[in-house]
Amino acid sequence: MKRSFAIAFALLAVGVYFGLIVTAGEQYLHADLSLGVSVVARTLIAFLSGLAAVIVFLGGDDIENYARPKILLVTGVLFLLVGSYFGLFVAPPEQFMGDTQRIMYVHVPTAWFALLAMTIGFVSAVVFLFNSDFVWDARMEGSIEVGVVFAFLLCCQGAIWAKPTWGVWWDWDPRLTTTAVLLFAFLGILALRRFVEDPVKRGIWSSVATIIAYVDVPIVYFSVKWWNSLHQQQSSPNTVSKPFWIPLRANAFGILLLMVAFIMLRARISALRLKHELAPPPLVEAQLGEAV
Amino acid sequence: MIRNVAAPAIEAMNVARRYGRRWALADVTFRVAPGRVMMVAGRNGSGKSTLFRVLSTAIRPDRGWAKVGGFDVEHEREDVRQRSALLAHQSYLYESLTAKENLDVVARIIGRNATAALLDRVGLAGRANDPVSTFSAGMRKRLSFARALLQEPRIVFLDEPYGQLDPEGFQLVDQVIRELKESGATVLVATHQVDRVAGYADCSITLDAGRVIGTSGELE
Amino acid sequence: MIAALRKELLLQWRTRAQFMAVFVFGASALLLFSFAVGPNAEILRQFSAGFMWLGLLLSSTLTLAESFHAEMENRALEGMLLLPANARVIYYGKAIANWLQLVLLGFALVPVMVVLYDAGTTRLLSLALVIMLGAAGLSAPGTLYAAMTAQVRSKQTLLPLLLFPLIVPALLASVKLTSLIILGDPMGQLSSWMKLLTAFDAIYWSLCGLLFGRVVEE
Amino acid sequence: MNGTVTGGWNFVIAAYSVTALVFVVYGVTLITRLREARNRASEER
C-alpha cells in the first residue's frame with residue numbers, strides 16, 4: 001500500500017518532467033532537458049503517466065490512511081498556484097480570443113477531470129457489481145460526487161466563457177450541454193443513494209444507474225451536436241501552441257491531484273459510514289432462559 | 001445433476017441476514033433430512049420469516065451459506081426455486097386479478113395447469129371469478145396456499161399457515177401438510193400454534209433474536 | 001416470455017381506467033402548453049412536436065410508476081421471481097407492456113395535437129414508426145428505474161429525476177423526427193435521426209435487460 | 001474590431017474566482033465532514 005503511493009508519485013513526477021519541466025526549460029531557460037524525446041512523445045508520456053498515476057493512486061488507496069489525501073491536496077494547490085500565475089500574468093494573450101483565452105487554462109483541465117471522475121465512478125460501479133466489495137461502493141460515491149462538483153464548476157466556467165465569446169451565457173455547445181445533462185443524471189444518482197437505507201441495495205442500484213447514465217454520455221453528445229448543427233460550429237480554442245502549454249499543464253496536474261485527493265477524502269467518509277452499517281451481528285449469548 | 005440422495009434436504013450454516021442495520025438473523029445452523037416436517041417456533045421478530053426468505057432465495061444471506069435440496073441458495077437460485085415454494089407473509093397476489101387469473105398467471109409461467117382443481121381444494125371454487133381485492137384475509141391465505149401448491153414443490157416453506165384462517169381452514173392446512181409429507185416432500189412450518197403443529201411435526205427448532213436456542217426431535 | 005407479457009397485459013386491461021386518466025392528463029398538458037405560448041397558430045405549429053413529446057414524457061412517468069404499483073402491493077414481484085422464471089423474462093414482459101401502453105398513448109395524443117396546434121400530416125405511417133421508436137426509448141430505461149424507485153420512499157420525485165436526463169437523446173431525436181414529418185424535411189435529416197433513435201433503443205433494451213436482475217433480486 | 005476579443009479581464013477574474021471558490025469550499029466541507037465521521041466512529045468504539 002505504501003509502495004503504491006510512492007509509485008504513483010513517481011509516475012506523476014515523470015509526467016510532470018516531460019509534460020511541464022522540459023517545456024519550461026525550453027521557454028525560459030533555453031536549455032534542452034528533453035533527453036532526446038520528441039515533442040509528440042513527451043506529450044504522450046505526460047498524458048499516460050498522469051493517467052497511470054490516477055489509477056495507481058486510487059487503485060492502491062489505503063482507505064484507513066488519512067495523511068495521503070492531504071499531501072495530495074497541498075501538492076495540487078501548489079501546482080494550481082504556479083499554473084494560474086503563468087496563466088494570468090506570464091502567458092501572452094491569444095491571437096483571436098485575447099485575454100479571455102486565460103479562462104481556458106482552468107476550464108479545459110476541469111473538463112478533462114470531470115469526465116475522468118465520472119469514468120472512475122463508472123469503473124467502480126462495474127467492479128462493485130462483479131465483486132460486491134464495498135470499498136468500490138465508497139469509491140463510486142466519492143467519484144460521482146466529485147464528478148458532480150466538477151461538472152457544476154465546468155458549467156459555471158463555460159457560461160463565463162460563452163458570454164464574451166458569443167454574447168450569451170449559454171450557447172448549447174454540445175460539450176457543455178452534455179456536461180449539464182451529465183450533471184443532472186449524476187445528481188439523480190446521489191439523490192437515489194440518499195433515499196435507500198439498505199447498503200447492499202444502495203450499492204447495487206446506484207451502480208446500475210451509474211452504468212446506464214455513463215453509457216448515455218456519447219449518445220447525448222452526438223444528439224446535441226446534430227440538434228445544434230444549424231448554429232455556427234465554433235472552432236476549438238487554441239490550446240496547442242507552446243506558450244499556452246505551461247499554464248494549461250500545470251493546472252491540469254494541479255486539478256488531477258485535487259480530484260484524486262477529493263475522491264479519496266469522500267470515499268473515506270462513505271467508508272466510515274459503511275463500516276458502521278455493515279458491522280457484524282453483535283456476539284450476544286442467546287438467552288436460553290427466555291426460550292419459548 | 002446427480003446429488004447424494006441421503007444428503008439433507010435443507011442445510012443452513014451460520015446464516016446471518018441484516019435488514020438495514022438490524023440483524024434479523026444473527027447465526028442459524030441446522031440440518032433437516034428429506035421427508036421431514038419441521039416446526040420453526042419463536043416469538044414475533046425472532047427471525048422465522050427471514051430464515052424462510054433466505055432459504056427460498058427471496059433474499060441472500062449476508063453471512064454463512066445454506067443449501068436447499070442440495071443446491072446453494074445464493075449461487076444456484078434457479079435450481080432451488082424449481083424445487084421449493086414459499087407461503088409468505090405477503091400473499092404475492094395481484095389485487096386486480098381474479099382468484100383463477102392469479103393462479104393461471106403462475107401456471108402459465110411454470111407450464112402447469114389444473115388450477116380449477118386447486119381452487120376447489122382450498123374451498124374457493126365459488127369465488128374463482130371474483131377479484132382478489134374483494135377477498136377477506138382468510139380467503140387470501142387460502143388462495144396463496146393454492147398458489148404455493150401449484151408449484152408442486154419438493155420442499156415447502158409455510159410461514160404462519162394458520163394465520164387468519166377459520167377452524168375449517170385449520171383442518172385444511174393440517175390435511176395438506178399430511179399429504180405433502182406422504183408424498184415425500186419436506187415441510188417447514190413457522191407458527192405460533194406450537195401445540196397443534198407439535199402433534200404431527202417430526203422435529204422442531206426454536207429461534208430467538210436470530211439464533212437457534214433449542215432443537216427437539218430427530219432432525220436428520 | 002409470452003406468459004409474462006400476457007400477465008402484464010391482463011393487469012393493464014384491469015386498470016384501463018388508469019389509462020384514461022393518464023390520457024386526459026397528457027391532453028390537458030398539451031392544452032396548457034399552448035397557453036404558455038399564446039394563440040399564435042404559426043408558432044404553435046412549430047412547437048407542436050416538442051409539446052406532444054413533453055406531454056407523452058410527463059404521462060409516461062405516471063404509467064411507468066403505476067406498472068409497478070400492482071407488483072409491490074402484495075410483493076407480487078417477489079412471488080414472480082420465486083417461480084423458476086428468469087428476471088429477464090419478467091423485465092421484457094413489463095417493458096413491452098409499458099411500451100405498448102405508451103405507443104397507444106402517443107397515438108391517442110396525435111389527434112389532440114392536430115386539433116390544438118393545426119399540425120396535421122399525411123405521413124401517418126412514418127409518424128407511427130417514430131412514436132413506436134420514441135416510446136421504446138422511454139419504456140426500456142423507464143421500466144428499470146420504475147422497478148428501483150417503486151421500492152423507495154418519495155418515488156414520485158425520484159423516477160423523473162433519474163429518467164429525464166437519461167432520455168435526453170431519445171427525446172431530442174423523437175421531437176426532431178416528429179417535427180420533420182410535420183413541417184417537412186428539406187435537408188434530408190430524417191434518416192440520421194432515425195438511426196440515432198434506433199441505436200438508443202438497441203443499447204438500452206439490451207443493457208437494461210442485463211441489469212434488471214441485479215436490481216430486483218435481493 | 002479586428003476579430004480579436006478585447007478586454008474581458010473581468011470574465012477571466014470571474015472564472016478564476018469561481019474555480020477557486022468551488023475548490024476551496026468543497027475541500028473544506030470534505031475535511032469537516034470527514035472529521036465529523038471520524039469523531040462519530042471513535043465515539044461508538
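This is a predicted model: local features need pLDDT of at least 70, side-chain atom pairs count only at pLDDT 80 or more; totals for chains, interfaces and linings use all residues.
How many residues does the contact take from chain A and from chain D?

**View 1. Where chain A touches chain D.** The contact draws 30 residues from chain A and 24 residues from chain D. The largest share belongs to α8(A), with 10 residues. Sorted by class, this side of chain A has 16 nonpolar, 7 polar and 7 charged residues.

**View 2. The two domains of chain A.** Chain A splits into domain 1 (1-60) and domain 2 (65-291), and their C-alpha centres sit 22 Å apart. In the contact, 12 residues of domain 1 meet 13 residues of domain 2. Both α1 (2-29) and α2 (39-59) of chain A supply at least two residues to the domain 1 side, and α1(A) gives the most, with 7 residues. That domain 1 side comes out as 8 nonpolar, 4 polar and no charged residues.

**View 3. Helices α6 and α7 of chain C crossing.** The axes of α6 (residues 87-117) and α7 (residues 124-149) of chain C come within 8 Å and cross at roughly 140 degrees. The pair therefore counts as oblique, and the crossing is right-handed. Residues to pick out on α6(C) include Tyr91(C), Trp99(C), Leu102(C) and Phe107(C); on the α7(C) side, look for Leu127(C), Ile131(C), Met132(C) and Leu138(C), among others. By class, this helix contact has 14 nonpolar, 5 polar and 1 charged residues.

How values were computed
Residues are numbered from 1 along each chain as its sequence is written. Chains are lettered from A and ligands numbered from 1 in the order in which they are written. Axes are lines fitted to C-alpha atoms, for helices over the stretch in contact, and angles run from 0 to 180 degrees between N-to-C directions. Helices (H or I, at least four residues) and strands (E, at least two) are DSSP runs, numbered from the N terminus. Angles under 35 degrees count as roughly parallel, over 145 as roughly antiparallel, 65 to 115 as roughly perpendicular and the rest as oblique. A crossing is left-handed if the near helix is turned anticlockwise from the far one by less than a right angle, and right-handed if clockwise. Two residues are in contact if their C-beta atoms, placed from the backbone, lie within 7 Å. Ala, Val, Leu, Ile, Met, Phe, Trp, Tyr, Cys and Pro count as nonpolar, Asp, Glu, Lys and Arg as charged, and the others, Gly among them, as polar. Domain bounds come from an automatic or database domain assignment.
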